[in-house]
Amino acid sequence: MVCPKCGQKMENEFAVCKFCGYEKTETDVLRWSELPAMPVFNKSNSDDSNEDAEQGNVFFSKRMKKNLLRIFMVFMEICILAGVISGIYAWKLKTAPMAVPDAQNIVYSSEDIVMMLVKRRSEWLLEKPENGYNACCFLDTDFDGSPELISISYDIETFVTNIMVFRVRNCTLDRIPIDYDETEGFFDINSSLSLCYAPDTKEMLYFSTDYCKDENKNTSALGCFYIHENQIFKEYYLSETLSNGIYGYEYYDEEQSIHDISRQDFIKRQGELSNRLTNLKLQYEWVSNTDLESISSQKLAALLLRSYDSFKYDSSGLALQ
């Protein structure tokens, strides 16, 4: 406590000032209730505080404007970028070629193929000889799992067989060339056709007999046909000729040159050929014994469908490498 008379500090435990002798009374004790009100510092009411508030508001307003402007600019950049991307995408869609299904990937049923063949009958059906017939069947000549259409015409007088082969796997007609002399004809595959496997050469071969009739002799030749480089070839192995009541025997080498042999050698070569081959028990059905040029579309479709579904062979134990 400070002495009100001399201004010296008085100890609290002493009531008399030791410097001037002033004696402290109760009236000199300050009470909290008698103290003057404490000043309240309110920024909103003071001049300085008002100025600071105004400066703060200005600063806050500028910062908000900057942030808003920055947000707006970012938003505009995003919109422009999105517009450019969508424009490029629309341009690509407009200029891109129309997607066309790959015909190789379309799976056609046997009914689809048959109806196509009925509509295009004139393209694959050979003209019927005056003394003969035309016929057709389905064989898988290239062993791709889809049978080809075999169309023939057979002349009963000359024993000459003409043939055309078509791929129909994509529901289209694709003719396969055949390497043979048309004057000699092809194999009589209508009556004597078998499918064999040659283990030594790993080949699947269709075997048949080719008949030929001249003025003075009849010839029957055993051979096979197969597909190589998208072309059908035929090869002969043995032949038997009857001329003026006398039999003659021949064999064909790799160049298809003909050599005379004895009957004993002929029989021996027959046995060797039979032992070298495995019969795969071919099953197929010819569409014949009717005029294919004039029958109704409904009947032709039924015959073709039955023939298409009939093709099969016994592949058990077959070891292709």
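This is a predicted model: local features need pLDDT of at least 70, side-chain atom pairs count only at pLDDT 80 or more; totals for chains, interfaces and linings use all residues.
Local features require pLDDT of at least 70 and side-chain atom pairs pLDDT 80 or more, whereas totals for chains, interfaces and linings use all residues. Numbering runs from 1 along each chain as its sequence is written, and side-chain values use heavy atoms, without hydrogens or water.

Select L139, I150, I163, F186, I189, Y206 and F225: these have the most contacts inside the largest nonpolar core, which has 27 residues. Such a core is a set of buried Ala, Val, Leu, Ile, Met, Phe, Trp, Tyr and Cys residues joined through side-chain atoms within 4.5 Å; buried means under 20% relative accessible area, exposed over 50%, and partly exposed in between (1.4 Å probe, protein chains only). Among the strands that each supply at least two residues of this core are strand 1 (132–139), strand 2 (148–155) and strand 8 (217–227); strands are DSSP runs of E with at least two residues, numbered from the N terminus.

Next, centre on I163. Beyond its neighbours within four places in sequence, I163 is in contact (heavy atoms within 4.5 Å) with residues including L126, I150, R175, Y180 and F186. A second, separate core of 24 residues includes V114, L117, M164 and A301.

Move to T219 in strand 8. T219 is buried, at 19% relative accessible area. Not counting residues up to four places away in sequence, T219 touches D210, Y211, C212, S239, E240 and T241.

Finally, select F75 in helix 1 (residues 47–95). F75 is partly exposed, with a relative accessible area of 49%.

Definitions and conventions:
Helices (H or I, at least four residues) and strands (E, at least two) are DSSP runs, numbered from the N terminus.
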